[in-house]
Amino acid sequence: MSSFQNESPIRVLVVGCGNMGASHAFAYQLLDGFEICGIVSTGKSKEVLNEKLGGGYALFNDYETALKETKPDAVCISTYPDTHENFAVKALEAGAHVFIEKPLADTVEGAKRVVEAAKKANKKVVVGYILRVHPSWERFVTEAQGLGKPLVMRMNLNQQSHGYMWGVHRNLMKSLSPIVDCGVHYIDVMCQMTRSKPLRVNAIGARLTEDIPAGNYNYGQLQIWFEDGSVGWYEAGWGPMISETAFFVKDVIGPKGSASIVAKDAGGTGKSSSVEAHTKTESIRVHHADLNGSDEFAKEDTWINLEDEPDHQELCNREQRYFLRAINEDLDLTDHLQDAVTSLQIAFACDESVKTGRTVDLA
């Protein structure tokens with residue numbers, strides 16, 4: 001029995017009831033250590049979620065009112081990015097721990113202010129980097145680290161979004177570009193693979209629709225250089241016009257060979273805008289560069305099929321178990337938060353590169 005089993009559950013205020021907010025709410029209902037004390041959203045989504053959870057939860061239109069009335073131990077923030085900093089700082093000042101969907105804020109300065117507020121309040125802030133709790137992605141990072149240096153990292157996630165998902169993407173693009181919103185995950189993965197200092201970035205982008213704000217773009221591609229000579233690129237496009245031909249590339253190459261996530265099913269036609277498919281890995285193919293005397297491959301490729309293939313809900317459950325551990329075991333989250341700030345800093349530098357047409361130094 002772990003020491004915290006008998007402690008009273010952590011009362012959590014759920015803020016934002018879209019795809020991620022709802023998944024985190026289900027996790028809180030499922031896990032012993034949490035208890036939902038209120039649900040906040042500006043629209044009807046809180047009523048829908050309340051019903052799905054079985055009803056009976058306190059519902060609020062206004063975040064600050066909810067914070068005052070429920071006095072939560074923790075706040076889960078899954079709203080649009082332009083509210084993240086304000087909501088997180090208010091929660092910390094009210095003495096609550098925070099679980100926050102990525103990105104930590106909609107500016108680098110804002111992200112640093114959240115980290116500062118967490119230190120000052122002596123409270124935990126966990127950022128929703130969902131790939132960090134995924135066994136296949138953890139293994140992918142480990143395999144990459146065995147390929148020697150420098151690394152070449154190739155990743156994308158293009159989404160031919162329509163219907164409900166196009167609505168979600170249009171709302172996200174009121175405050176962020178796809179390479180910032182989505183890219184922080186994959187930039188974080190690249191930083192974990194190299195554990196080297198990022199030096200500079202270059203990026204391109206295009207606005208392919210009048211449906212988004214004039215200053216934003218719905219297709220972007222970034223390139224990043226690391227101190228150890230490693231390089232990486234990431235591409236993200238959102239919208240009904242996006243091609244599905246190459247939406248799922250997850251590759252890393254080093255002197256000793258390469259590792260690739262091969263998702264035969266999740267990489268199939270019509271899956272690019274499915275959130276469920278984005279986290280599916282199915283298998284990792286490891287290619288060995290060793291040659292024999294005839295310059296033929298000395299070893300066959302290795303296929304790693306991981307039995308533990310959590311679905312989207314289970315990944316959210318794991319994120320919340322980690323949040324619970326962070327609180328109950330007083331985990332040191334300094335590196336976790338620094339990584340969140342770094343990946344955001346790189347993503348915004350890419351944004352700047354798109355807008356100025358210039359390479360941006362990260363020094």
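In this predicted model, nine strands come together in an open sheet with mixed pairing. Reading across, the strands run β14-β13-β12-β11-β7-β10-β9-β8-β15. At the edges sit β14 (302–304) and β15 (360–361); each has just a single partner strand, so one side of each is left without a neighbour in the sheet. As a bit of background, strands in a sheet pair through backbone hydrogen bonds, and the pairing can be parallel or antiparallel.

Zooming in on one pair, strand β12 (residues 257–262) lines up with strand β13 (residues 283–288) in the antiparallel sense, over six bridges. Within this pair, Val262 stands opposite Ser283 in β13. Helix α9, meanwhile, packs on the sheet, where it touches β7 (152–156), β9 (219–226), β10 (231–237) and β11 (250–254). The direction of α9 makes about 160° with that of β7.

Helix α9 (residues 183–194) also meets another helix, α12 (residues 334–356): their axes come within 9 Å and cross at roughly 115°. This crossing of α9 and α12 is right-handed. On the α9 side, the contact is made by Val184, Ile187, Asp188 and Cys191, while α12 brings in Asp339, Ser343, Leu344, Ile346 and Ala347.

As for annotation, an unreviewed UniProt entry marks residues 143–239 as "domain: GFO/IDH/MocA-like oxidoreductase".

Notes:
Residues numbered from 1 in each chain as written. Predicted model: local features only at pLDDT ≥ 70, side-chain atom pairs only at ≥ 80, totals over all residues. Heavy atoms only, no water. Axes fitted to C-alpha atoms, helices over the stretch in contact; angles between N-to-C directions. Helix = DSSP H or I, 4+ residues; strand = E, 2+ residues; numbered from the N terminus. Left-handed = near helix turned anticlockwise from the far one by under 90°. Contact = heavy atoms within 4.5 Å. Pairing = 2+ DSSP bridges. UniProt positions renumbered as here; feature names shortened; annotations may be inferred.
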